[in-house]
Amino acid sequence: MSYLDHAATTPMRPEAVEAFVAAAAEVGNPSSLHAAGRCARRKVEESRELIAAVLGARPSEVIFTGGGTESDNLAVKGVYWARRAADPARRRVVAGAVEHHAVLDSVKWLGEHEGATVVWLPVDGYGRIEVDALRAELAEHADEVALVSAMWANNEVGTVQPVAEIAALAHEHGIPYHSDAVQAIGQVPVDFAQSGAAALTVTGHKIGGPVGVGTLLLGRDVPATPLLHGGGQERDVRSGTLDVPGIVAFAAALEASVKAQPEHAARMVTLRDDLVDRVLAAVPEAILNGHPEHRLPGNAHFSFPGCEGDALLMLLDAAGVACSTGSACSAGVAQPSHVLLAMCADEDRARSSLRFSLGHTSTADDVDELIAALPGAVERARRASVKKPQAR
Amino acid sequence: MSGGVDSAVAAARAVDAGHEVTGVHLALARNPQTYRTGARGCCTLEDARDARRAADVIGIPFYVWDLAERFHEDVVDDFVAEYAAGRTPNPCLRCNEKIKFAAVLDRALALGFDAVVTGHHARLDDAGRLRRSVDAAKDQSYVLAVLTPYQLGHSIFPLGGSTKAAVRAEAAARGLAVADKPDSHDICFIADGDTRGWLRERLGTAPGDIVDAGSGDVLGRHDGAYAFTVGQRKGLHIDRPAPDGRPRYVLSITPVSNTVTVGPAEELEVSTVYGDRPLWNEPASTPVRAEIQLRAHGEPVPATVSLSGDRLVAALETPVRGVAAGQAMVAYRPDPAGDIVLGSATIASATRLPAAA
């Protein structure tokens, strides 16, 4: 089997599995005062310190959450609510047009239910945010903006965003900037303090940790209204008993993944460039989407004109190749990707797209398998989409 | 895989028969929430989950194919147009003809599959002929009789040799959670089962007369002829009783004059049925003696069936009541190994008169 869907989730690293299993065998609620509780608390706090060190944050800025979606919701809604409470005029939410649905739908929800004025930042044909649009928005409305949310790197087409410029603009106006860095960690260098971001979303399972645990790095001076109320854990911002095995495994995976990042990225770029060259040679009509340089090292995203991405995915799956259309599903019905549409691709091009994403277990054999299966799959998928209804 | 018990067992049997099987659920609603809710339809998100879960248990890949646009054009719009034209369509039959064994089959063949497997209760014999299921009460050969030999040649119906009870028992034995799921009966795209209300939303109200067949008297008014079906007795709202006090039935619907004609039960009786768009599968030449079925789950009646040009004509040996244009007429040859479908047509008209020679 050729697993080319690491951006969806990637295998757990051995050190993370080991840390998880060891912690899962022991009892202890980190909030308890007795010895077992203290022991659990120590593991959580050591993990917090490790994560902070690896990501350039302070330990107190690490808020453990249930993963990327929760971190995004907490950042977007929590910061909006807190900023609006402090100043009712702050009702504008500025977000990238190509955000993950965890941000996109949170922002839309604020617009529909919480009186937010939503401003989408357009992207260029490579999916990169147009910083001038943010500059113009802030020049005009800085006093009304509650927050800016713009991802570090896009999950579909892999385009790395101009984070430094966005952060500088937001900082200039004293506006908190949140970045979803779920896809960036371990792929490109990420340092919270240097980035200038006020909040950063990180999740475990994209870096070889377990699913269901992540963090929101939240600057100490950044106000956020909690989504979850209860025992007051995590600076009172995120109540809920802490997941000790998940947290220690997450920390172990994060440490391994960030330490290995330079070599990993170099290996991925070589493998990915080979994949891209061979796909374009095998299917000359294919179009590479996303930025040629500002791009995640493990990401390759194509449109295959005349094919439906769904049909290709099914045929490749049958041939043992796992990839993704990268689009949102409702009842399994693929909608054309909002990312591709924001990049001014037409609906057909959006529907004809596939994402291949490499990760820490990827090898040249995975690429060979893809290239062996792809031309036949493209031919069949093309036949299926031109087939006209049969007359009777 | 609709999410029901039949298609789940059909898929499992196809796997057992040695085929490489991929589960496909059809998304037929433009917005899944607008179709039936609850566990009895075939178009809800819950049904999609049930189908996916069944595919997991069987151990086959599973995909949702979005055929909402095609379904809307070929089935839903056609359903509305047929009612507007005074006919009584069968959308399940239409869906088989245009979606399951056309759009889906075409796509499947292009993608490299060999056949469409469904959970219909019908048999295909070695000669490729369509036959009734062993379960007479659940037989669905009537709604498959519109399929051409080409379509049948790429179809597999694994359930035709089993009763519904046996299918449910097998589903339970296989660990399929849909074993006890209720059958779907109603029209999947009419969420609340209120066909008249649904049609009224689309066709609006069009008041017209309800006319007595014998006297020509106007007996009442209606809000839209599409709300009536030949043979219907209830819901006529006629306050004047018939002189003989007997109930009146809808005899015919005339869209041009927007008239619903009513009369006594015996006026409903017809002896000759004419169908268009005939499909004749049998090499045997007509006229031929056959049994003819004139509605889903209708009692078959003996008839002499002849194919003349673009028409199929059935001369019934005993008159029947309530034959509605738009339904299918399906000719069967009785056979101990399952009655054989000889051919079908869409009912265009029916008369009390014997067939013209």
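How are H1(B) and H2(B) oriented to each other, roughly parallel or roughly perpendicular? They are roughly parallel to each other, a class that takes in angles under 35 degrees, with those over 145 being roughly antiparallel, 65 to 115 roughly perpendicular and the rest oblique. The model is a predicted one, in which local features need pLDDT of at least 70 and side-chain atom pairs count only at pLDDT 80 or more, while totals for chains, interfaces and linings use all residues. Residues are numbered from 1 along each chain as its sequence is written, and chains are lettered from A and ligands numbered from 1 in the order in which they are written.

Helices (H or I, at least four residues) and strands (E, at least two) are DSSP runs numbered from the N terminus; chain B has eight helices and 16 strands. Two of the helix pairs are set out here, with axes fitted to C-alpha atoms over the stretch in contact and angles running from 0 to 180 degrees between N-to-C directions.

| Pair | Crossing angle | Axis separation |
|---|---|---|
| H1(B) and H2(B) | roughly 25° | within 10 Å |
| H1(B) and H7(B) | about 65° | 10 Å |

By class, seven residues of the contact of H1(B) with H2(B) are nonpolar, with no polar and no charged ones; Ala, Val, Leu, Ile, Met, Phe, Trp, Tyr, Cys and Pro count as nonpolar, Asp, Glu, Lys and Arg as charged, and the others, Gly among them, as polar.

H1(B) and H7(B), by contrast, are roughly perpendicular to each other, and their crossing is left-handed. Here Val5(B), Asp6(B), Ala8(B) and Val9(B) meet Val167(B), Arg168(B), Glu170(B) and Ala171(B), a contact with five nonpolar, no polar and three charged residues.

In chain A, Gly78(A) lies in helix H3, residues 68-86, and counts as buried with 26 C-beta neighbours inside 10 Å, the cut-off being 20 or more, with 12 or fewer for exposed and partly exposed in between. The C-alpha atoms of Gly78(A) and Thr225(A) are separated by 4.3 Å, although the two are 147 residues apart along the chain.

Notes:
Left-handed = near helix turned anticlockwise from the far one by under 90°. Contact = placed C-beta atoms within 7 Å.
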